[in-house]
Amino acid sequence: MSAPDRTPGRPGRTTGLGRVLVALYAVFAIAAVSRAGVQIATDFHEAPLAYLLSALAGVVYVLATVGLGRSGPRWRRVAWVACSVELLGVLTVGTLSLADAQAFPRSTVWSGYGSGYVFIPLVLPVLGLIYLRRESRAARPPA
Amino acid sequence: MSGVLVAITCALCLVLGGWAVVTVARDRRVGRALLTGLAVVELSVLATVVDGVVALATGTRPVELATSVAYLVVAPFILPAGTFWALADRSRPSTLVLAVACFAVLVIAYRAFLLFAVTR
C-alpha cells in the first residue's frame, strides 16, 4: 500500500486510505451478515456454533465499518473495539478450526484464518488497528 | 446463467480495477474515461443479473437458492456505492475504493455463476 495520505481534508471526515478500509469492511459486513442470515434461516441446527460465530463476525464487521467511516471519539472507540475483537476472533476461530475441525463442521468467515476469503479477514483488522493508531498519533502531534 | 456474460463481467472488472490502481500509482484523478468504463461494467453487471433472474424465472433452482438470490440483489449496488464513496473524498488513495468495488463485483459474479451451475 502507498504512504498514508496527509492531505488535510475537511476535518472530522474519513479520508484517503481510511476510505479504502471502510470499503473493504463494508464488503465483508455485507458478505458476513448475509451469509449468517442465510445459514441461520436455512439450516441452523446443523452447526449452531459456526453460524452464531458467522453472525457475530457480521456484527463486528458492521460496527468496524461504521466506526471507521464516521468521525468523533465515540465512533473511534467503536472502531478500536471492533477491530480488536475481530483480530482476536479470527485468531481464535482460525486456530480452533484447524485444531478441532469437529467443532466447526460448517465454515465461518474466520475458519482457517479466513483462508476461504484469501486471508483478507486476517489482514483487515491489522490494517484497521494500524490505521487507527496512525490517525490518533496524527491528531495529537508530538509537543 | 450465461458463462459468457459472467466472463465478460469478470474481465471488465479486472480491467477497470487495474485501471483504478494505475490511476493511483500515477497520482491521477479519476477522469471521465474511468467513470465511463465503470458505467460499462455496471451495464454488464445488470445484464448478468437480468440473465440470472430469467434463469430463476424459467425454472433453474440452484441448491443454494437464498445465497444465489442475495448475490443477484446485492451485485448492482456495489459499483455505484463504491464510486460514490471514492469520489466523495478526492484524495489519492481513495481511488483504490474503485479497485475494491471491482474486485467485489468480480467475486460475486464468479460465485453466482458457480452457484447457478449446481442445481436441483
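Trainee: UniProt positions are given in the numbering used here, feature names are shortened, and annotations may be inferred rather than shown by experiment. Where in chain B does UniProt place "transmembrane region"?

Mentor: The unreviewed UniProt entry puts that feature at residues 30–57, 69–88 and 94–118 of chain B. This is a predicted model, in which local features need pLDDT of at least 70 and side-chain atom pairs pLDDT 80 or more, while totals for chains, interfaces and linings use all residues. Residues are numbered from 1 along each chain as its sequence is written, and chains are lettered from A and ligands numbered from 1 in the order written.

Trainee: What share of residues 30–57 of chain B is helix?

Mentor: The span is 93% helix and 0% strand, with its end C-alpha atoms 39 Å apart; helices (H or I, at least four residues) and strands (E, at least two) are DSSP runs, numbered from the N terminus. Residues 69–88 of chain B are 95% helix and 0% strand, and their end C-alpha atoms lie 30 Å apart.

Trainee: Switching to chain A, which residues of α3(A) are buried?

Mentor: Among them are A:A79, A:E86 and A:V93, buried meaning that 20 or more other C-beta atoms, placed from the backbone, lie within 10 Å of a residue's own. Their cover includes α2 (48–69) and α4 (120–139) of chain A.

How values were computed. Buried ≥ 20, exposed ≤ 12 C-beta atoms within 10 Å, placed from the backbone. Contact = placed C-beta atoms within 7 Å.
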